[in-house]
Amino acid sequence: MAAGRTVPEKVTDLKANNNGVKSLQVSWVPPAGDWDQYHIVLYNQSIVLLNSSVEEHFREFIIQDVGLIPGRQYDVAVVVESGGLKNTAYCKGRTAPQSVQQLRVKHINESSFVITWVTPLAEWDSYVVSLADRDFILINKVLAKEAKEFTFSDLVPGRKYTAKVTSISGELNNWAATDGRTVPFQVTNLNLVNQGKSTSLYAEWTTGRGDVDSFQVLLIHENIVIKNESVSSDTNKYQFHSLKPGGLYSVVVTTLSGGIASRQSLAEGRTAHWGN
C-alpha cells in the first residue's frame, strides 16, 4: 500500500515585535494538522543571519545575540516542516532605535541654549526635538537624521527647561532627555549712595526679567571683599553698615538661578566724611 503526506499548513498571525534595541520577539499561531518542527530564519535583505530549529510545541522565539542593529528592519520566516515537506510564512520586524548618546547643553546665555549629541551606532529615519517648561511643551520639531545639534531660542532668563531628543525608526522610537537652564538676567540701574551718612551705604537696583532665586551682593574696599551677602529674590536693595567715613567702596550684584550666575553689575560709592 502506498503512503503519502500532505503539505503542512503555514503558521498564522506571524509577528516580529521589537524586544529592545538588539532583539526581536517572534510569535505565531500554530497551523492545523500535523507537523514535526519549525525553522526560524532571519534575513537582513538577502543575507541569512539565523536559521534555528524549534520544537513543534513552541509558539514564540526570541531572536538575540546575533548582532542586530538598533532601528533596522529585518525579514523573518517561520517554516513549518512535516517529513520532507515545508510551508513558509513571512513577516517583517524592526528593532527599536537607540537613543542619542552624550546629550548635553552648551553655549548658554540669557535667552537661548544649544543641545548637542552623538549619533548612536544604529539606523533611524529622523529626530524629534522638544522643549518643555515644566509640563508644557514649547517646541516639538522634526529634524533630519543628519542633525547633531539644535538651538532653542526666545527663552525666559534663569528658567529651567527639559530638552528631549527622540530617535525615530519606522513606527518605533527611543529618546534621551536633559535639563538646561538659561543664564539669569543681569540687574540694571545699580546705585550705591551714602544718603548723607558717614558709616553706611545704600545699594539699590532694578531686577531683570525672568526667574530669580536670589542675589549675591558683594561690598569691596581697597580690592578686598568685606561683605558677601545673599539677598532674597523679592528685594532689590541692601544697606551696608559700620563702614569707614569718606571711604570709597564698590558693590557687585549678581543674579542667581538654579546655581547659575548672571553677568555682574558694579557700582561705586563713597561714605560721607565726618561732620557732613
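Is lysine 15 buried, partly exposed or exposed, and what is its relative accessible area? Lysine 15 is partly exposed, with a relative accessible area of 40%. This is a predicted model, in which local features need pLDDT of at least 70 and side-chain atom pairs count only at pLDDT 80 or more, whereas totals for chains, interfaces and linings use all residues. Residues are numbered from 1 along each chain as its sequence is written, and side-chain values use heavy atoms, with hydrogens and water left out. The points below cover salt bridges, the nonpolar core, a charged patch, backbone angles and selected distances.

**Terms for exposure and secondary structure**

- Buried means under 20% relative accessible area, exposed means over 50%, and partly exposed lies in between (1.4 Å probe, protein chains only).
- Accessible areas come from the Shrake-Rupley method with a 1.4 Å probe, and for residues only the protein chains shown count as cover.
- Strands (E, at least two residues) and helices (H or I, at least four) are DSSP runs, numbered from the N terminus.

**Salt bridges**

- The structure holds 8 salt bridges, each being a side-chain nitrogen of Lys or Arg within 4 Å of a carboxyl oxygen of Asp or Glu.
- One of them joins the side chains of aspartate 13 and lysine 15, at 3.9 Å from N to O.
- Aspartate 13 counts as partly exposed because its relative accessibility is 47%.
- Aspartate 133 forms a salt bridge with arginine 134, with the closest N and O atoms 2.9 Å apart.
- Aspartate 133 is buried, with a relative accessible area of 11%, whereas arginine 134 is exposed, at 61%.
- Aspartate 133 also forms a salt bridge with arginine 159, where the closest N and O atoms are 3.0 Å apart.
- That pair links distant parts of the chain, 26 residues apart: aspartate 133 is in strand β10, and arginine 159 is in the loop between β12 (149-152) and β13 (160-169).
- Both aspartate 133 and arginine 159 are buried.
- A network of salt bridges links Asp133, Arg134, Arg159 and Asp211.

**Nonpolar core**

- The largest nonpolar core has 21 residues, of which Trp28 and Ile63 touch the most other members.
- Such a core is a set of buried Ala, Val, Leu, Ile, Met, Phe, Trp, Tyr and Cys residues joined through side-chain atoms within 4.5 Å.
- At least two residues of this core come from each of β1 (12-18), β2 (24-29), β3 (37-44), β4, β5, β6 (73-82) and β7 (85-94).
- Strand β6 gives the most to this core, with 4 residues.

- Asp34, Asp36, Glu55 and Glu56 form a negative surface patch.
- Patches are made of residues with over 30% relative accessible area and no salt bridge; like charges are joined within 9 Å, and nonpolar side chains (Val, Leu, Ile, Met, Phe, Trp, Tyr) within 5 Å.
- Lys and Arg count as positive and Asp and Glu as negative, while His and the chain ends are not counted.
- The place of a charge is taken as NZ of Lys, CZ of Arg, CG of Asp or CD of Glu.
- Glutamate 56 lies in the loop between β4 (47-55) and β5 (60-63), and counts as partly exposed at 36% relative accessibility.
- Histidine 57 is found in the loop between β4 and β5 and is partly exposed, with a relative accessible area of 47%.
- Histidine 57 and proline 30 are 27 residues apart in sequence, and their C-alpha atoms are 8.7 Å apart in space.

**Positive phi angles**

- Aspartate 65 has a phi near 60°, a positive value in a residue other than glycine.
- Aspartate 65 lies in the loop between β5 and β6 and is exposed, with a relative accessible area of 76%.
- Arginine 134 likewise has a phi near 60°, a positive value in a residue other than glycine.
- The location of arginine 134 is the loop between β10 (126-133) and β11 (136-144).

**Further C-alpha distances**

- Glutamine 216 lies in strand β17 (residues 214-221) and is partly exposed, with a relative accessible area of 25%.
- The C-alpha atoms of glutamine 216 and lysine 145 are separated by 44 Å, the two residues being 71 residues apart along the chain.
- Serine 233 lies in the loop between β18 (224-232) and β19 (237-240), and counts as partly exposed at 33% relative accessibility.
- Serine 233 and threonine 255 are 22 residues apart along the chain, with their C-alpha atoms separated by 8.6 Å.
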